Protein chains: 4
Amino acid sequence: MSKKDNNVLDKHTRIINAAEKIFAKRGFHNSKVSEIAKEADVADGTIYLYFKSKDDILISLFEESMDEIIQKLKSAIKDLSDPLEKLKSFIGVHLNLLKDNRYLAEVIQVELRQSNKFMKEYENEKFQEYLYILSGILKEGQEKGIFDKEILPGIFKRMLFGALDEISTSWVLSKTKKYSIEECSKQVFKVFSKGILLK
Amino acid sequence: MSKKDNNVLDKHTRIINAAEKIFAKRGFHNSKVSEIAKEADVADGTIYLYFKSKDDILISLFEESMDEIIQKLKSAIKDLSDPLEKLKSFIGVHLNLLKDNRYLAEVIQVELRQSNKFMKEYENEKFQEYLYILSGILKEGQEKGIFDKEILPGIFKRMLFGALDEISTSWVLSKTKKYSIEECSKQVFKVFSKGILLK
Amino acid sequence: MSKKDNNVLDKHTRIINAAEKIFAKRGFHNSKVSEIAKEADVADGTIYLYFKSKDDILISLFEESMDEIIQKLKSAIKDLSDPLEKLKSFIGVHLNLLKDNRYLAEVIQVELRQSNKFMKEYENEKFQEYLYILSGILKEGQEKGIFDKEILPGIFKRMLFGALDEISTSWVLSKTKKYSIEECSKQVFKVFSKGILLK
Amino acid sequence: MSKKDNNVLDKHTRIINAAEKIFAKRGFHNSKVSEIAKEADVADGTIYLYFKSKDDILISLFEESMDEIIQKLKSAIKDLSDPLEKLKSFIGVHLNLLKDNRYLAEVIQVELRQSNKFMKEYENEKFQEYLYILSGILKEGQEKGIFDKEILPGIFKRMLFGALDEISTSWVLSKTKKYSIEECSKQVFKVFSKGILLK
DNA sequence: GATGAATGAGTCTTCATTCAT
DNA sequence: GATGAATGAAGACTCATTCAT
């Protein structure tokens with residue numbers, strides 16, 4: 001999106017978009033608020049009419065992105081009844097979302113961990129909600145007698161998120177893009193579905 | 001280790017130990033070199049007799065820790081012939097190492113990603129070596145006809161590392177320690193072994 | 001000029017004036033940027049809105065001062081046709097300018113030489129322009145048959161500048177002011193005019 | 001002189017020689033004591049067995065050099081009876097001494113002014129002694145009825161020193177060495193002798 | 001006397017945030 | 001609401017000097 005096109009959007013959105021781009025390029029701590037302001041084509045001070053602080057930009061960026069991701073994940077699995085199909089869809093949507101939004105992927109994978117507020121103080125409800133969808137799929141499959149009941153949902157959700165997260169990170173940072181996102185999705189689904197199916 | 005005990009160690013080690021603790025507590029960017037110096041019980045300037053810069057402390061901390069981890073992982077699987085046993089051992093050692101060294105775990109999981117040098121410029125040979133052990137176990141199992149040949153080692157190693165990494169992170173950051181490390185190891189092994197076994 | 005009066009000037013000028021005073025008092029290397037800021041009644045950071053670095057303040061101070069000096073010297077000799085009168089005027093204006101601006105004199109005489117940039121890397125166009133006026137006066141006199149043609153302008157300009165520079169320095173640093181500026185002017189003119197006149 | 005040859009000298013001399021070289025290359029404020037120590041092939045701490053401080057090295061360097069210069073100047077004019085010959089000799093010796101000792105010249109011309117102690121606090125007896133020789137030559141000529149009695153010795157000595165100093169400085173810093181030292185000597189003598197002769 | 005590892009005071013510069021316009 | 005000039009706190013790093021060996 002060109003800076004010109006961006007200017008028709010409301011300032012809140014322009015700042016979030018600019019921050020996403022700058023954070024992805026420089027990392028959170030090495031990004032300057034003035035740089036974000038310049039990219040968003042607003043004055044430095046204007047940022048503070050829409051956000052409380054630099055940290056708040058990152059938190060908002062994360063929450064709004066997660067909202068969008070969660071909504072897309074939910075809508076993708078909404079009409080599926082088979083937990084296995086839900087799992088396959090979840091994995092595919094997660095990896096494709098990040099592929100389609102390179103900046104967001106970099107921010108979430110790499111920079112999100114840089115604000116102390118996030119990892120330690122911030123309660124991170126959105127992330128909990130994301131994980132809840134995952135454990136929900138497992139539990140549903142266990143109740144339906146498809147998935148192994150010995151798998152603990154609280155551990156499974158972390159394991160699968162970690163795998164998807166790492167695959168995304170390495171894909172985003174990789175220059176050669178040796179594997180396609182489709183291939184990655186297939187492989188992750190193969191291992192995790194076989195890993196939890198009752199047989 | 002008390003500050004007193006620490007003082008018998010050579011200064012390089014004292015500084016690395018102090019940095020590990022401070023980085024874990026405050027995060028890389030929020031840690032002051034003067035704080036590390038104080039914790040190591042040396043003068044600020046002494047740090048620069050042993051390290052080129054603050055970044056260099058983090059890089060050295062990572063490399064020295066990875067060296068130790070890789071050595072322990074290698075020695076743990078060295079005498080095992082069954083790839084499945086190697087996988088189980090690898091998972092157990094990885095998770096237990098981090099449990100036994102809380103500061104190191106926090107630094108590797110959370111803070112390591114904060115130096116631009118690391119994620120983008122730094123080649124990260126140590127990490128490649130770590131991943132190579134993992135893909136090696138998979139390949140060996142595939143050659144022995146135990147593991148599914150369709151699993152791509154380049155994707156598998158990332159997937160398993162991501163899962164272990166996320167389990168470690170959440171375990172380290174978790175206050176309640178709801179699950180034991182042993183339980184986590186068992187679950188990860190269960191899913192990944194079933195996921196890649198030929199049946 | 002009191003700090004209060006100074007405050008009506010634009011910040012660039014206030015900083016230059018403050019630097020002139022502080023550099024004169026402490027010397028370039030012993031002057032703190034924060035001290036200049038305090039004297040200029042601006043915040044430390046404000047300095048960096050107007051100058052790239054501490055070195056840049058000194059260079060700007062020099063260039064702006066030389067501009068003023070050169071302009072005054074040029075305008076002083078502009079309407080004179082006799083090279084001898086030009087010489088007398090040049091000497092008088094040079095010495096009086098420094099007398100009227102004690103801080104500037106100290107900075108130019110003593111501190112200017114302290115920035116490596118100046119003496120070795122910096123091309124110093126302004127100073128070349130200053131010297132060019134001097135050699136111009138000699139050449140004009142030689143062409144008019146008044147001055148000795150054997151005197152080399154390239155050496156003469158340095159000789160006279162050196163003499164004026166040293167007289168100024170010792171006058172500025174002298175506590176007793178044993179000789180008046182007028183007396184100094186007269187003596188310098190006497191020696192140099194007799195020294196170069198054809199007779 | 002090679003570092004090896006230098007090692008046969010006593011440490012005081014080795015340190016002074018090293019400082020002369022380093023100060024000339026980097027300037028006083030940008031020279032590190034450790035660099036001088038390395039060049040002198042002694043330990044950092046050894047410097048402080050022979051000199052009180054970094055400033056003290058510069059002061060000693062200056063005083064010892066001036067002693068040598070003054071002695072050479074005195075001995076050069078000692079057997080001359082004609083004040084005009086003394087003047088010619090003085091000028092020639094001054095300029096040649098600096099030509100033959102490039103490092104010393106740079107230090108005296110450029111770096112000497114960088115220590116506050118020198119220009120403001122330090123009484124600078126050696127320099128006074130140097131100037132005293134100059135005013136002595138003028139006075140002797142005036143008493144003998146050769147030089148113009150209206151020239152004030154206190155101003156004349158500064159004027160001539162300034163001229164010689166500036167000629168040396170520009171000669172030392174000049175890359176092309178457009179004029180020879182002999183040519184410079186001749187020109188300075190020409191102007192100053194004609195300038196003060198009674199006719 | 002000689003060493004050089006250790007010290008720690010000192011400062012330029014950055015940049016998130018504010019506020020007068 | 002919007003601006004952007006101004007603020008000033010904060011910190012990595014340097015290097016003259018010391019002192020235990």
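I count two residues as in contact if their C-beta atoms, placed from the backbone, lie within 7 Å. This is a predicted model, in which local features need pLDDT of at least 70 and side-chain atom pairs count only at pLDDT 80 or more, while totals for chains, interfaces and linings use all residues. Residues are numbered from 1 along each chain as its sequence is written, and chains are lettered from A and ligands numbered from 1 in the order in which they are written.

**Entry 1: chains A and B**

I began with the contact between chains B and A, where 32 residues of chain B meet 32 residues of chain A. On the chain B side, α8 (116-121), α10 and α11 (181-196) each bring at least two residues. I take helices (H or I, at least four residues) and strands (E, at least two) as DSSP runs, numbered from the N terminus. Which helix gives the most to this side of chain B? It is α10(B), with twelve residues. By class, I find 16 nonpolar, ten polar and six charged residues on the side of chain B that touches chain A. For these classes, Ala, Val, Leu, Ile, Met, Phe, Trp, Tyr, Cys and Pro are nonpolar, Asp, Glu, Lys and Arg are charged, and the others, Gly among them, are polar.

Next I laid chain B on chain A: a turn of 180° and a shift of 0.0 Å along the axis give an RMSD of 0.2 Å. That is the relation of a two-fold axis. The superposition is by least squares on the C-alpha atoms of residues with pLDDT of at least 70 in both copies. B:Gly195 is the residue of chain B that comes closest to the rotation axis, with its C-alpha at 1.9 Å. The same surface serves both copies, as 100% of the contact residues of chain B recur in chain A.

**Entry 2: helix α10 of chain B**

I then checked the length of α10 (residues 153-173) in chain B. Its 21 residues should span 30 Å at 1.5 Å a residue, and its end C-alpha atoms are 30 Å apart, which agrees. The expected span is 1.5 Å times one less than the number of residues. Of the 21 residues of α10(B), 18 are buried, so this helix is largely enclosed by the rest of the structure. Buried means that 20 or more other C-beta atoms lie within 10 Å of a residue's own, exposed means 12 or fewer, and partly exposed is in between, with C-beta atoms placed from the backbone.

**Entry 3: chains C and D**

A rotation of 180° with 0.0 Å of shift along its axis puts chain D on chain C, at an RMSD of 0.2 Å. The copies meet through the same surface, because 100% of the interface residues of chain D are also interface residues in chain C.

Buried residues of α6(C) include C:Phe90, C:Ile91 and C:His94.

**Entry 4: inside chain A**

Chain A has eleven helices and zero strands. Of its 199 residues, 41% count as buried. Residues 24 or more positions apart make up 67% of the contacts in chain A with a separation of 6 or more. An automatic or database domain assignment supplies the domain bounds, giving domain 1 (1-51) and domain 2 (59-196) in chain A. Their contact takes ten residues from domain 1 and ten residues from domain 2. The domain 1 side divides into six nonpolar, two polar and two charged residues.
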